[in-house]
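I opened the coordinates to see how the chains sit together. These are my notes, in the order of looking.

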There are 2 protein chains.
Amino acid sequence: MTASDVWLVALPGVPEVRPGDDLGALLAEAADRIGGVRATDVLAVSHKVVSKAEGRVVPLAGVFPGWEARALADEHGKDPRHVQVILDEAAEVLRADRGRLICRTSHGFVCANAGVDASNAGAPATLVLLPEDPDESARQLRRHLGCAVIITDSFGRAWRVGQCEVAIGCAGLAPVDDWRGRPDAQGRELAATVIAIADEAAAAADLVRAKDSREPAVRIRGLERHVTAGDGAGAAALVRSLEDDLFR
Amino acid sequence: MTASDVWLVALPGVPEVRPGDDLGALLAEAADRIGGVRATDVLAVSHKVVSKAEGRVVPLAGVFPGWEARALADEHGKDPRHVQVILDEAAEVLRADRGRLICRTSHGFVCANAGVDASNAGAPATLVLLPEDPDESARQLRRHLGCAVIITDSFGRAWRVGQCEVAIGCAGLAPVDDWRGRPDAQGRELAATVIAIADEAAAAADLVRAKDSREPAVRIRGLERHVTAGDGAGAAALVRSLEDDLFR
């Protein structure tokens with residue numbers, strides 16, 4: 001009997017990450033406590049530690065909000081400095097309602113508050129931004145760790161309640177598994193099946209963590225068939241072009 | 001050292017399921033081959049076997065398309081009988097483009113072709129519908145198997161490329177983990193964090209399967225903290241009300 005299986009373990013004992021820290025070294029050390037990583041493993045890393053290591057944190061005290069931030073903050077009961085940082089990160093504000101600003105980021109991601117977040121920021125009155133180039137962050141970690149890497153964040157979705165963790169950066173893992181033109185179990189050609197593997201891996205990793213735990217990274221074993229020799233297209237390939245988007 | 005972990009295994013040797021089959025018995029038998037299920041396990045079951053067991057299959061030969069189905073089929077290059085079945089399952093057609101009809105189903109799910117699918121249907125020229133009440137299907141399987149159950153399907157998403165598996169039915173698992181008002185790792189109150197646990201579990205289970213394999217069910221171990229004593233709110237709780245939906 002051969003059963004397919006996937007096994008996910010959180011890396012224990014990752015310390016609080018600060019700007020300038022060598023995140024690759026910290027993660028490698030933590031991975032060693034659970035037997036290290038193999039080339040066929042995928043390491044899912046919460047973007048927050050990546051952003052912190054890369055210095056993508058903003059102390060509110062140094063932010064001076066402009067008129068647009070002040071107006072939006074006033075309307076939605078938010079801190080105008082927080083709104084200014086969101087506007088700085090947003091390529092476009094798509095909707096504003098009840099304190100939430102749904103934005104498209106410079107990467108093309110559509111998410112609440114342009115990914116700017118105050119939770120688990122590591123210091124009071126500090127905001128954490130998304131990494132500037134999460135695919136490049138993933139590539140760097142992959143080079144250091146020798147396994148596939150995804151960088152993840154929690155995004156809200158259209159039509160459905162709650163957030164799911166998705167991949168905002170990816171290296172060494174095929175972001176999608178394209179079954180179009182391949183046969184199903186009964187030999188019938190699949191017409192429209194493209195599976196967002198990197199997003200499903202991010203979601204799976206999120207199940208291992210609690211939001212009040214300090215477990216920013218999860219080792220995923222069992223995705224060998226999606227692990228690639230090169231870095232691959234990255235999570236940028238998961239951004240849907242507007243003209244192809246029927247689900248909005 | 002205590003590391004959190006989650007382990008997923010596909011149930012081996014589930015036979016082709018036919019209308020009227022006792023799916024609970026077939027899944028229990030398959031689970032026994034990998035040591036059975038515990039009360040704290042979650043079994044993720046692809047809706048297709050549930051639909052087949054419940055007789056939610058439609059042979060195309062018996063479908064007589066009306067004028068609306070004929071017009072849509074003509075416009076989008078589809079079989080008018082297939083379109084008729086989609087229209088029968090749809091509460092509303094939201095968009096129609098390039099052969100895809102994005103619909104809201106009677107359950108409130110927004111998905112391509114109202115969940116009507118020709119792949120892995122088990123017989124040629126046959127369509128598989130979504131279960132009539134997937135939460136009730138999950139409750140029945142839970143009673144039979146004695147573990148939490150989610151019924152899953154692959155849905156396309158707004159803004160992002162590819163499909164992710166989501167939970168369309170759920171029993172014995174909290175569909176969401178609501179962190180609003182609870183503290184993060186640094187004691188700061190989380191404002192907007194509601195995690196769609198059942199959808200993340202569905203996505204995780206999808207990683208274990210290939211689309212050409214006959215592995216309709218995956219046992220998930222390690223989600224004890226989300227397993228509930230009762231059936232719970234079900235996947236119906238994951239349908240976002242339109243007025244609360246900022247992500248469309």
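This is a predicted model: local features need pLDDT of at least 70, side-chain atom pairs count only at pLDDT 80 or more; totals for chains, interfaces and linings use all residues.

Entry: I then compared the contact residues. The same surface serves both copies, since 100% of the contact residues of chain A recur in chain B.

**Entry: interface size.** How many residues of chain A are in contact with chain B? I found 86 residues of chain A in contact with 86 residues of chain B. I looked up the area next. The size of an interface is often given as the accessible area lost when the parts come together. Here about 7,700 Å² is buried between chain A and chain B. Carbon and sulfur atoms give 56% of that area. Which three residues supply more than any other three? They are A:Trp159, A:Arg160 and A:Leu207, with 12% of the area that chain A buries against chain B.

**Entry: polar terms across the interface.** I counted 32 residue pairs in polar contact between chain A and chain B, both residues at pLDDT 80 or more. I then asked which elements of chain A touch chain B. Those supplying at least two residues each include the strands β1 (5-10), β4 (90-97), β8 (148-156) and β9 (163-171), as well as the helix α6 (197-206). The largest share, 7 residues, comes from α6(A). By residue class, the side of chain A that touches chain B divides into 47 nonpolar, 11 polar and 28 charged.

**Entry: salt bridges across the interface.** Side chains of opposite charge can pair when their charged atoms come close. The rule finds 4 salt bridges across the interface of chain A and chain B. I picked out a pair to inspect: B:Arg160 meets A:Asp199 through their side chains, at 2.8 Å from N to O.

Entry: In which sense do β1(A) and β1(B) pair, parallel or antiparallel? They pair in the antiparallel sense over 5 bridges. I read off the partners. A:Trp7 stands opposite B:Trp7. A:Leu8 has B:Val6 as its bridge partner. A:Val9 stands opposite B:Asp5.

**Entry: strands within each chain.** I checked what else β1 pairs with. In chain A, β1(A) pairs with β12 (residues 217-221) in the antiparallel sense, over 4 bridges. There A:Trp7 stands opposite A:Arg221. In chain B, 4 bridges join β1(B) to β12 (residues 217-221), and these strands run antiparallel. B:Trp7 stands opposite B:Arg221. I wrote both partners of A:Trp7 together: B:Trp7 in β1(B) and A:Arg221 in β12(A).

**Entry: salt bridges overall.** I widened the search. The count comes to 32 salt bridges over all chains. I looked at a pair within chain A. A:Glu136 forms a salt bridge with A:Arg139, and the closest N and O atoms are 3.0 Å apart. How are the two placed in helix α5 (residues 134-145) of chain A? They are 3 residues apart in that helix, so about one helical turn separates A:Glu136 and A:Arg139.

Key: Residues are numbered from 1 along each chain as its sequence is written. Chains are lettered from A and ligands numbered from 1 in the order in which they are written. Side-chain values use heavy atoms; hydrogens and water are left out. Contact means heavy atoms within 4.5 Å. Buried area is the accessible area (1.4 Å probe) that two parts lose on being put together, summed over both. A polar contact is a pair of N or O atoms within 3.5 Å; within protein, one must be able to donate a hydrogen and the other to accept it, and residues adjacent in sequence count only if both atoms are side-chain atoms. Ala, Val, Leu, Ile, Met, Phe, Trp, Tyr, Cys and Pro count as nonpolar, Asp, Glu, Lys and Arg as charged, and the others, Gly among them, as polar. Two strands pair if DSSP finds at least two bridges between them.
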